[in-house]
Structure formats: structure tokens, C-alpha cells
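Let's take a friendly look at the charged side-chain pairs in this structure. Please have the sequence and the model open as you read.

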Amino acid sequence: MRWINRRPGRPLAVALALAPFALAALAYVAGSEARLAANPADKLLPAPSTLWDAAMAALTEADRRSGEILFWNDTFASLTRLALGVGIAAALALTLGLAAGLLPLAGAGLSPFVAAVSMAPPLALLPILFIVFGLGEVSKVALIVIGTAPFMIRDMAGRVAETPVEQIVKAETLGASSLVIALRVALPQAMPRLIQAVRLSLGPAWLFLIAAEAIAATEGLGYRIFLVRRYLAMDVILVYVAWITILAALLDLALRRLSARAFPWAEPAR
Amino acid sequence: MSFVSVRNVFQSYGDRPILERVSVEVEEGCFVSIVGASGCGKSTFLRLLLAQETPSRGEVSIAGQPPAREPGRDRGVVFQKYSVFPHLTIRDNILAAEELSARWGRLWGRARRAARERADAALARVGLAHVADQYPAALSGGMQQRLAIAQALQARPRILLLDEPFGALDPGTRLSMHDFLTELRAETPMTVFMVTHDLSEGFKLADRVLVFDKTRWDPDAPERWGATITYDFDARHGGIPFQSARAPHAA
Ligand SMILES: Nc1ncnc2c1ncn2[C@@H]1O[C@H](COP(=O)(O)OP(=O)(O)OP(=O)(O)O)[C@@H](O)[C@H]1O
Ligand SMILES: [Mg+2]
């Protein structure tokens, strides 16, 4: 039988899925033990027990100065920025993308500009944002918007423009105005795609968020990581990195679920 | 004055002529089939009737109205595919025929309830009541086309345009769709233009069969000339005996 036709059964699939995680964990533990055996004060690869203690401390112990648990404050601050940035970008994508994809006049005016803006490297714009908006929240959210919106707008416009012309003509013969075609034909069919674009944009959004927080912030997951880096606190850094990864995975899963539930017609037939 | 009047219509894309000197007058209630070689411009002719495109020359007018510039509620259409809205349930697809012409594309309250009742009645009439709450993807090809026809008719168009509506269906389903269409027409007389590749289907359903073909042919440049109506058959009584209402090669 050809390799392209061999499929894993359920148990094998689970085992194959877990194997890389187990291997990575194993490699870490082995490396950590080797280094700690050579130098018990080594900070680079803390032992799993140290990591666990660091995680428990971060999750439960309040900061001496503020009396608050920094971990949750950081999480809240970062997620707020992320949600604002991606939310604004998605709203822009929905309105501008819909207009550009559906109205030839809007597309002619918007598409070249959005294409040009999307070529500018967002991180190079960060200093400009800091100068214009100051070091506060606005510049961080703005970086996420600038970094993710052009892709989303283009994706949305492309998708809307791909609506089969038969459907648009059909709606016209049923008496639909441009507005109604946008609201009842193009918009609902673009929504699953928007959620997909948001899922794809979350990766870059985290990147921009952490970069902005690393440079200028007083709280946030990225800020904390870069702060404790000065003390080589690998245990705290690893806990935060794992937490960010978990958050990102949960967000992705939630969006996928939302899409499947809200737009059952867009699911591939089973 | 005839109901649908096509006067000396030309259509070209760029400098490539597709249709030339097309003229035809059709009475209200007539069922016209359109046949011709692939790529000769049948769908183009339908797009002109639909006002999806405006002809390079000549005019199309319906019921004595000035030529339309874009599709509207007076013209219904069913394409071979993509004719129904995949994101709406079967019932909402029928309801769309009444809702989409509202200001915001929605009806509320009593108007909506009344429209919903009419939609359910239409679904019962075309035998789709049992799947009213499903999405079109769950339907077979024949049922999707049934839905598309019912949806187009729910808007009460003056003329119905069908572009190979049964082209993708198996022969059995096709036969039952013929009966379906014949029954619908017995209930509500309507003017229909149907493009088909199946000659017998064309003659079976139609009152008139128009044949599109090129009258001039340049072997070195086959794209030089456009097509026109070369035959116009009277197809009533099953088309027997075939009688040509228009002499071949006459404009
Ligand atoms: N928008 C367009 N721009 C340029 N050329 C076009 C356009 N639409 C159609 N054509 C060309 O015009 C010709 C006629 O197309 P049309 O779709 O009307 O043919 P048809 O008779 O319906 O063919 P078929 O039987 O295959 O459906 C084709 O050669 C096609 O490539
Ligand atoms: Mg065609």
C-alpha cells in the first residue's frame, strides 16, 4: 500500500499526536538534570519541580508592594490590548473589506492604498506610534491594528469579491439594493472567513503585543518576561511562555467553535 | 406590440463579436427554448434579457418599458448552479424573494408572518416542505434547482430566465423537473426563456425553439463573426410537424 493511503487509527493518532510533546519534555528533563548535576546553581534549564513552584508562586502569591497577584494583572492587561487591537482590526476588515469587495468604486479607491500600507513593516512604525500616541495603551493597540488590519481587509475584500456573480444577480432579481446585498448576501457569507482571518492574525497580534510591551509598559505578559530576563529568571519566563501558548491555543479553539456553531452551513458536509 | 422585444442587438467583448443582428419578438406567456453550439452566446443573450449586461447596439425591452440598465424584480433567473443562497435555510431562501426587496432586507412582525406562510405554501407546492429548516447543501441537485425555481417565482417576475437549469441533473430527475415546470406553468402562465443543450428537452417544453449559430464563418478567424438566430421553430404540439417560423440565414 502506498504511504499516502495509510491512515492512523484512533489510538495510533493519539499516540502520534502526544509523541512530540513527550519527546520535547523528555529532552528538557534530561538536559536540565545534566546541567544541574554539573552546577546545582544553574539557571538556564530549571528542574520541573522548580518550574512548578514558580508557577504556583506566580498564580497565587501577591506582590509585596501592590498586594495584587501580578500574573493575573499581566494576563488581564495583555488580553485587553489584544482584544482591542484585533477587535478594531476585525471591525475595519468587515466594513472596508465588504465595501472594497462589493462596490467597484470603493475597491478602486481602497485596494491600492491598503496594499501599500500592508507592505510597511509594522515594527518599524512602532517608534512613530510611541512618538505620536505616547507610551500608553493607544500605541500598543494601534500597533496591533496596523499589523493585522491590512491582511484582514485584503482577505475579506478578496473573499467578498469571490461571491459567485450568480448569487449577486439572483439577489438583484429579487429586488435587493446594494445595502441589502451587502447585509444579507455578502456579510453573512463573509463572517466565517472573517473568523478564520482573525484566527490567522492572532499569531502576528501576539508578536506585536509582546514587542510593544517589551519596549514600553508597566504591566503585561510581554513586559513581565522582559523584566525578569534581567535576573535570568528562566523559571518565571518559561511559566509565562507556557501560559501565553495556552491562552493562544484556547482563543483559537474558541473561535473555531464559535464559527462552527454560528455558521453551520459553512461547515464541510459530513 | 409584443411582450418581449429584442431589436437588432449586437454584443461584443472587446473587439470580439459574440452576437450580431439578433431580433426577436415574443408574446406574453410564451415558452422559448434557446439552443446552439457551446460558446455561441446563448448565456450572453440571456444576460442581455436579464439586463445584467447592456448590448453594444440595439435594445431589449419588456412590456413596452424602456430598456433596463440592471436586473430587477421583473426578471427572474435560475442558473445551472449557485442559484440559491447557501447560508439561508430552504424556507429563508423562499422568504428572501419577499424580504430582500425590503429596505433593510428583512420583514418584521405581521408582514413577516404572512410572508412566512406564503413561503411555506410555496414549499408545500414544490414538495420541499419536509426540508424547510435545512440548508441547501443538504439537498440533491434536483431539489436545489426546484428550490431555485420556486424562489425565482416567489418574486412574481414578468419573465423567467433559465440557463441550462437541468444541465447537471441525471435523466430521471430531469424528467421529473420537466413535469414540475409544466405543472407550474399550468398554474401560473409566465413567459420563459430557457437555454438548453438538450434538443428534445427544448422541443418538449417550449412553444418556440430559437437556434443560435453563425451565419458567416471565416475558417482562418473563427472568432471574426458573431452568432444570430438562424432558426425559429414553432414547437407547440410537441413540435410535430416541425415548422420553421423563420427562413434559415435570414436576419
Ligand atoms: N464577460 C465576458 N468577457 C469576455 N468574453 C466573454 C464574456 N462572457 C462570455 N464571453 C465569451 O463569449 C462567448 C459566448 O459565451 P456564452 O457563455 O454566451 O456562450 P454559451 O452559448 O452560453 O456557451 P455554453 O453552451 O458553453 O454555455 C464565449 O466564447 C465566452 O468566452
Ligand atoms: Mg452558457
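Predicted model: local features only at pLDDT ≥ 70, side-chain atom pairs only at ≥ 80, totals over all residues.

Residues are numbered from 1 along each chain as its sequence is written, chains are lettered from A and ligands numbered from 1 in the order written, and side-chain values use heavy atoms, with hydrogens and water left out.

Over all chains, the structure holds 21 salt bridges (a side-chain nitrogen of Lys or Arg within 4 Å of a carboxyl oxygen of Asp or Glu). Among them are these:

| Pair | N to O distance |
|---|---|
| A:Glu137 and A:Arg81 | 2.6 Å |
| A:Arg81 and A:Glu213 | 2.5 Å |
| B:Glu59 and B:Arg7 | 2.7 Å |

Helices (H or I, at least four residues) and strands (E, at least two) are DSSP runs, numbered from the N terminus. A:Glu137 in helix α6 and A:Arg81 in helix α3 are 56 residues apart. A:Arg81 also pairs with A:Glu213, which lies in helix α8, so this pair ties together parts 132 residues apart in sequence. Salt bridges with shared partners join A:Arg81, A:Glu137 and A:Glu213 into one network.

How accessible are they? A:Arg81 is buried at 2% relative accessible area, as is A:Glu213 at 1%, while A:Glu137 is partly exposed at 42% (buried means under 20%, exposed over 50%, partly exposed in between, with a 1.4 Å probe and protein chains only).

In chain B, B:Glu59 of strand β4 and B:Arg7 of strand β1 are 52 residues apart in sequence. B:Glu59 is partly exposed at 35%, and B:Arg7 is partly exposed at 32%.
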